[in-house]
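Please find below a colleague's note on the structure shown here. The points are numbered so that each may be taken up separately.

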Number of protein chains: 2
Amino acid sequence: MTRSTEQTIVEAAILVLNEDYSAPLERVAEQAGVTRRTLHRYFTGREELLACCAREMQRSCREALTQALASSPEPLVQLEHMLYAGIDCGAKYAFFTKLHTRPDHQHAPGQAADCAEYDALQARCRAVITRLQHDGRISAHLPAEWVLLLLSGVVKTTIDARMVGATEPHLRQFAWFSFSKGIGL
Amino acid sequence: MTRSTEQTIVEAAILVLNEDYSAPLERVAEQAGVTRRTLHRYFTGREELLACCAREMQRSCREALTQALASSPEPLVQLEHMLYAGIDCGAKYAFFTKLHTRPDHQHAPGQAADCAEYDALQARCRAVITRLQHDGRISAHLPAEWVLLLLSGVVKTTIDARMVGATEPHLRQFAWFSFSKGIGL
DNA sequence: TGAAGATGTCTCAAATATGAGACATCTTGC
DNA sequence: GCAAGATGTCTCATATTTGAGACATCTTCA
């Protein structure tokens, strides 16, 4: 199962490097339940590992978001599912947005496409929000930027709550309650 | 101005290490506008620097929270000022809570007191929340834990928004709007 | 069973991070 | 202008991290 080990390492890397970006790769291998030597067999170095993480996060977030948007023509339902999509992606979502909002985020050659897709995903989210605002369903005095950031914030809060040990089915309800009310629904 | 340089380094360390916990100290020195050599004159190593950061974050958060609670006998006003206190502390608040909620957070000798104070501050916040819930001012179906986490989350969101470049006076209004509605006010 | 593929162990060289000594230089208050 | 204190520069030794070769072991499937 070559594919599985590589995938395990990438998942581990996303978890660890999201918490501690410069953590030694030993820590990633540990989290993956693998030797550092094995990690290096799959990834030449941190750069390559990070690139694979970026691709995986992008793939996962794109898929989850696409499903959320396809779940209903009703933007309010779409918004709710967007929130759940972020929660389900967990660290992948958190790390993905973190990487693309860092102040030192430089567009290295080959990463430009990634950034373009990030922007595209962001745009699709914004469209849902502005439409709701236009229809007067949610508060229009909040900038769409703030609503997007709040969405991320509530997702991260939900992840935190899960780590502290909160019961799962209620978490989504709390998250949607707080987010929807928080944007003036 | 011996005091000032030390303080500058600590502030820089809080900013940098909050973003990237294992970042090389060179990065901290850079942020402080100082040489690595100078940093090492004030702090023997990462441990000591982190301990000073912890003390500074604790001091700053304690002071801000205390002022917030003293601002009014009305718990709703206290809550609003608690939010603003977190926003004003910025990275100090974010890093402070991060350090004390990490899963690998072990109580080294000498840090037990810090954790006790963190718990004490947390308890004071929780008291305000439970009182509001008891009085039926905010939604009682949300656990106080969730409300506390949401408070942190909105503070972090506000910090993110500020970094992206949002206009300051509105930010607080957005933050309080989203947080207060989000807890069912 | 046994050959192929995957992983662990041991080892090592290179790169990077850390901590500090020695001394020059740069403020600052007198 | 100068003495004291603070900081920068250059340098070095040590520690940690990184990347990979060589080989043993372990799994698995025909």
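Predicted model: local features only at pLDDT ≥ 70, side-chain atom pairs only at ≥ 80, totals over all residues.

The points that follow take up the symmetry, the interface and the aromatic pairs in turn.

1. Relation of the copies. Chain A can be superposed on chain B by a turn of 180 degrees, with a shift of 0.0 Å along the axis and an RMSD of 0.0 Å. The two copies are therefore related as by a two-fold rotation axis. Within chain A, A:Gly182 has the C-alpha nearest this axis, at 2.2 Å from it.

2. Surfaces in contact. On each side the contact involves 30 residues: 30 of chain A touch 30 of chain B. Of the interface residues of chain A, 100% are also interface residues in chain B, so the copies meet through the same surface.

3. Buried area. Between chain A and chain B about 2400 Å² is buried, and carbon and sulfur atoms give 68% of this area. Which three residues supply more than any other three of the area that chain A buries against chain B? They are A:Trp146, A:Thr157 and A:Phe174, which supply 25% of that area.

4. The rule finds four salt bridges across the interface of chain A and chain B. In one salt bridge, the side chain of A:Lys156 meets that of B:Asp160, with an N to O distance of 3.8 Å.

5. Elements and composition of the interface. On the side of chain A that touches chain B, helix H8 (144-164) and helix H9 (168-182) of chain A each supply at least two residues. The largest share of that side comes from H8(A), with 10 residues. Sorted by class, the side of chain A that touches chain B has 14 nonpolar, nine polar and seven charged residues.

6. Aromatic pairs. Over all chains, the structure holds eight aromatic pairs. In the pair formed by A:Phe96 and A:Tyr118, the ring centres are 5.3 Å apart and the planes lie at 80 degrees, so the pair is edge-to-face. This pair links distant parts of the chain, since A:Phe96 is in helix H6 (residues 91-101) of chain A and A:Tyr118 is in helix H7 (residues 112-134) of chain A, 22 residues apart.

How values were computed: Residues numbered from 1 in each chain as written. Chains lettered and ligands numbered in written order. Heavy atoms only, no water. Least-squares fit on C-alpha atoms with pLDDT ≥ 70 in both. Contact = heavy atoms within 4.5 Å. Buried area = accessible area lost by both parts, 1.4 Å probe. Helix = DSSP H or I, 4+ residues; strand = E, 2+ residues; numbered from the N terminus. Nonpolar A, V, L, I, M, F, W, Y, C, P; charged D, E, K, R; others polar. Phe/Tyr/Trp six-rings, centres within 6.5 Å; stacked < 30°, edge-to-face > 60°.
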